Amino acid sequence: MDDQTCRICGCTDYGCRQCIEKTGEPCCWIESDLCSACIDEKGFVFIDSADRPYWCRMYGNEPWIMYWHIHQKSWVTLRKVTQTDIWKFHEMKVPDEQADFLHTLHEKSQR
Ligand SMILES: [Zn+2]
Ligand SMILES: [Zn+2]
């Protein structure tokens, strides 16, 4: 078994104190070298079992999810999420092309 290290904050399974200080919780691995405390503003898009898109991202220094407003064709802030939520959501992540498609629609709706 390899020891995992986060490419952003450098935390490992044995040393996660900085994530706990930052988020109040231990992080989870969302990629082999990326921890849940280190998602950025771009974050990732996922789809729930009812096919509804959500965007999980850093927003004002805290992780949030936004839901997709079908009629407005834009993202709307929903709620703050925990590190465990991020880990669960990441398993339902959609490919980048699909996320970019929604982000582009969102930008158009903001004009
Ligand atoms: Zn990290
Ligand atoms: Zn950590």
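Predicted model: local features only at pLDDT ≥ 70, side-chain atom pairs only at ≥ 80, totals over all residues.

Which residue stands opposite Y54 in β4?

A: The residue that stands opposite Y54 of β4 is F46. Residues are numbered from 1 along each chain as its sequence is written, and chains are lettered from A and ligands numbered from 1 in the order in which they are written.

Helices and strands are DSSP runs numbered from the N terminus (helices are H or I with at least four residues, strands are E with at least two). Two strands pair if DSSP finds at least two bridges between them. The sheet is an open one of four strands, in the order β3-β4-β5-β6, with antiparallel pairing. Because β3 (44-47) and β6 (74-80) stand at the edges with a single partner strand each, one side of each is left without a neighbour in the sheet. From one strand to the next, the twist averages 35°; axes are lines fitted to C-alpha atoms, for helices over the stretch in contact, and angles run from 0 to 180 degrees between N-to-C directions.

β3 is joined to β4 (residues 53-59) by four bridges, and the two run antiparallel. Another residue of this pairing is F44, whose bridge partner in β4 is C56. Helix α3 (residues 96-109) packs on the sheet, where it touches β3, β4, β5 (62-69) and β6, and its direction makes about 105° with that of β3. Contact here means that the C-beta atoms of two residues, placed from the backbone, lie within 7 Å.

The hairpin of β3 and β4 has five residues between the strands. D51 lies in this loop and has a positive phi of about 70°, although it is not a glycine. D51 counts as exposed because it has 6 C-beta neighbours inside 10 Å; a residue is buried with 20 or more other C-beta atoms within 10 Å of its own, exposed with 12 or fewer, and partly exposed in between, C-beta atoms being placed from the backbone.

A second hairpin is formed by β5 and β6, with four residues between them. These strands pair in the antiparallel sense over six bridges, and W68 has W75 of β6 as its bridge partner. In the turn, K73 has a positive phi of about 50°, although K73 is not a glycine. With 13 C-beta neighbours inside 10 Å, K73 counts as partly exposed.

To return to Y54: leaving aside neighbours within four places in sequence, Y54 is in contact with V45, F46, D48, I65, M66, Y67 and W68. Y54 also belongs to the largest nonpolar core, which has 22 residues; C35, Y54, W55 and C56 touch the most other members. Such a core is a set of buried Ala, Val, Leu, Ile, Met, Phe, Trp, Tyr and Cys residues joined through C-beta atoms within 7 Å. The elements giving two or more residues to this core are β3, β4, β5 and α2 (83-90). At least three of its residues come from each of domain 1 (1-38) and domain 2 (40-109), the bounds being taken from an automatic or database domain assignment. In soluble globular proteins, nonpolar side chains tend to be buried together.
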